[in-house]
Amino acid sequence: MRTDVRPDVRVNDFVVKFANVNGSGSASANGLFARAILRMGVPVAARNIFPSNIQGLPTWYEVRVSGDGWRGRRGGVDLMVAMNPQTWDKDVAEIEPGGWLFYDSTKPLPASRFRDDVTVLGMPLTAICNATYTDARQRQLFKNVIYLGALSALLDIAPEEIDRLFGEQYKGKEALIDSNRKAFAMGREHAQQAFDCPLPIRVARSDRVGERIFIDGNSAAALGAVYGGATVAAWYPLTPSSSLAESFQAYCRKFRTDPVSGKKRYAIIQAEDELASIGMVIGAAWNGARAFTATSGPGVSLMQEFLGLAYFAEIPAVLFNVQRGSPSTGMPTRTQQADLLSCAYASHGDTKHVLLLPEDPTETFAMGAQAFDLADRLQTPVFVMLDLDIGMQDWVTDPFEWDDAKRLDRGKVMSAAELEAGRDFGRYLDVDGDGIPYRTYPGTHPSKGGYFTRGTSKDRYARYTEEGPAYVDNMQRLLRKFETAKSLVPAPVITKAAKPTRSGVIWFGSSGAAMGESLVALELEGIHLDRMRLRGFPFCDAVHDFIAAHDHVFVVEQNRDAQMKSLIVNECGIDPARLVSILHYDGTPITARFVIREIAEKARLFNVTPLRRSGAA
Amino acid sequence: MTYLAKPKIHHPSLAKNSLGYTRRDYEGAISTLCAGCGHDSISAAIIQAFYELDIPPHRVAKLSGIGCSSKTPTYFLGNSHGFNSVHGRMPSVLTGAALANRDLVYLGVSGDGDSASIGLGQFAHVMRRGVNMVYIVENNGVYGLTKGQFSATADRGSKSKRGAVNRDEPIDLATLAITLGATFVARSFSGDKDQLIPLIKAAVAHHGAAFIDVLSPCVAFNNHPGSTKSYDYVREHNESVNFLDFISPREEITTEYAPGEVRSVVLHDGGTVRLHKVGRHYDPSDRAAALAYLETHRAAGEILTGLIYLHPESSDMHDALETIEAPLNALTDAELVPGNAALAGVNASLR
Ligand SMILES: Cc1ncc(C[n+]2csc(CCOP(=O)(O)OP(=O)(O)O)c2C)c(N)n1
Ligand code: SF4
Ligand SMILES: [Mg+2]
């Protein structure tokens, strides 16, 4: 235990933000910064904030160091690493009073460009680089490594961790390891001489990371698809979903290459557009392969007609929707949860679809695999609803797990033997009363089980008909099937507040990152809320019951129109007045500060204070 | 999923193919199209071709878009799985199906509206990818099912039934298919089964994307004077480059021809296409010449039919993707799921 700590020292609890120029090679140094802290056993929540552009525009990397393991953005910045003159004013303004500003002091700046309440840490990075390197690219790249060295001194980050990471990152390229080490040491030594190191904000080794891993949700989803047995992927590049398909390719190369022939146990097609990608998924799934597409809102919009076909013709299909700022091209590199309604009710006519709502990469992996079982079991499209925050950011998250005893559930597929034995086959016949009929794969039996798949109405034996009663019979069965889905999709996670309360809060997906912390803070303010984290749609009865058991329930979501609230009101027959929306939709991930402020404000209106226990107590 | 073919019991007098199937086993439901519609003749040609090819009907998957033409898969190969998808998007569904199981025969049936208008993009890309399939467009120059509007293959200057003149340039799907990388491209006429049946057989035997543009008059909306897709007009302007027959690998080649009369091309499955000379010698393996020939005949107002382009050393999408030989839909859990130990390795690499 250190006894000399000043009262303003904040160990493992601060926010560093890097303001960079896109394409300047900063990403790699910034990533090392976050990972070195993780290697010290201290959790971080790291986020790239990037433009829809390849080179030259501003980009930021925000690292929240949180010994408590809070995964949301906190809001505010303690140390700004201001490397982009373009965004200087905005970046400087974002620093918390009493915070620090680290910048390249090669060119002197007038005092008016600084703030009185912020400590300025100037380091002549350009001058150092120009004196050390002759090559222009090296001057640029090593500038990043030099500031990394400086930060290691300023924040007390163990240099040996960075050193080890250099070794891992540039394995086999000794020259690169060496030059990175030198640049790093140069920055570190310079800072040690120039500044009073370490700053009051600093890192100390801890054991709070444990077994957890550091990965983005798109990679997790792709790995989930591998474990879920997907063999066909069809996609069209669209931020923020592209890296999901690319990850699938990488994992398949690793895990799905036939050891004998060297050939592929998978097929990935970059389609000509999203209409084609969903068409391919539907064709493959119809033919008995597990197939998926990865896309975002604009892509789902293009898929609408096909989704109606898949719903009505009952074809399994898995869609990963990595949601982004919408509508239209919207904010392609910003996050939102604004496609709930367009997915839940995708397509013309009476349609409803299954949604899975993972909260982090670990759950994305699990649900990514489960989606294929559900799609096959229910013979319908299943959406895994990620967003940019989960999909493209690296999260500190629980390790992935797989039960080797688990078998893929291919659903109700009638085999050649069953057909041969004379089992009655009606493609749309509800034999089991759960609304789910049997299907056959094409090519199964020479004379039995063949049927015609169509988007037009049909009878229970798949024969074309425009008879009203047959149509209604089929539509009713589809509703029964959707009822069955309620018991199959992941149930909500319900947790009681520390004290009995008449108020509750609902959230889902990436908002979870801000919720744990928010609830702790709200509790300190005397606001106690029972919690329900939604994990899937359709909603099971527990969703209705939770709301019914409370006077007011806050619904936290990242869109303008309170889409989850609409979905709940519509599907659960809830009085909208009971549901109070907390909406965050500026494209940045929702923060605890925002949730605490909004809920506290609204709670006062409803007088949400803990219930006094009645009776003797 | 191999299954021994079991013939149905039929009238003993019906002829059977080598698998024991009669022609009736390749039929489907009764057609609901207009009497005299060209599409019905194409269905009959498909039935005959598959019967003669000795392909078990259930090993064929037939896919279509939307239109009168796209309805026809109901009227042939009744024991095959069929998929009537959405308008203009059959190519993607077929591509997906072909990815899932490379062991079936894929037959795509579409219309000129379905393929040249709404579906032109998917038409283009399915050819580019070299999906192993037979893609037939039943080309009548109009949207039959929505009652006679011009489609994108209607010729400039041709007249609709109500007298409207088409002002737009037509899309020639055969020309397009060649430029897009289809490796078997033919054109035929629904009224010429002697030409069409062997073309379908050869297209099935071909490995890769095979396309047949079949002129198929719409008696309800496009069979009048002033139409360039009527029975009379097509008959009068039909100019065939060759006349062919297809000999399956099991058949013995018996007839002998004088040198120069016939060119034989052996296809992927061992079958042989014999191209009989019509007029001057035509070499369908020369892509540039094929395109030029199409263009010359188009300029002369003639409808060029026959096997226009054939790339005998073709490959398909699976070859390009390097997928394993086994159908992807038949892989077992053990072949698909890496298991928990592998996952532990992934976890370790992420710390
Ligand atoms: C998205 C969509 N738009 C429009 C239609 C209406 N529609 C049905 S068939 C058809 C045209 C079919 O023409 P073609 O493919 O040439 O087939 P034909 O009937 O001539 O054989 C159209 C426009 C549709 N089914 N779907
Ligand atoms: S409308 Fe034309 S294309 Fe359709 S069935 Fe009648 S004749 Fe055939
Ligand atoms: Mg037509």
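Predicted model: local features only at pLDDT ≥ 70, side-chain atom pairs only at ≥ 80, totals over all residues.
Helices (H or I, at least four residues) and strands (E, at least two) are DSSP runs numbered from the N terminus. A pocket is an open set of points, on a 1 Å grid over the protein atoms alone, where a 1.4 Å probe fits, with protein on both sides within 12 Å along at least five of seven lines; lining residues have an atom within 4 Å of a point. Residues are numbered from 1 along each chain as its sequence is written, and chains are lettered from A in the order in which they are written. Local features need pLDDT of at least 70, whereas totals for linings use all residues.

The volume of the largest pocket is about 1100 Å³. Its lining has 50 residues, and Arg454(A), Gly455(A), Thr456(A), Tyr464(A) and Asn84(B) are the closest to the centre. The largest contribution, 5 residues, is that of α11(A).

The second largest pocket has a volume of about 850 Å³. Among its 42 lining residues, those closest to the centre are Ala27(A), Asn48(A), Tyr61(A), Met392(A) and Asp394(A). Here α1(A) gives the most, with 9 residues. Elements that each supply at least two residues include α1 (26-39), β3 (44-49) and β16 (394-397) of chain A. Domain 1 (10-202) and domain 2 (215-397) of chain A, with bounds from an automatic or database domain assignment, each provide at least three residues of this lining.

Note on methods. Heavy atoms only, no water. Points joined across faces, edges and corners; volume = space filled by probe spheres on them.
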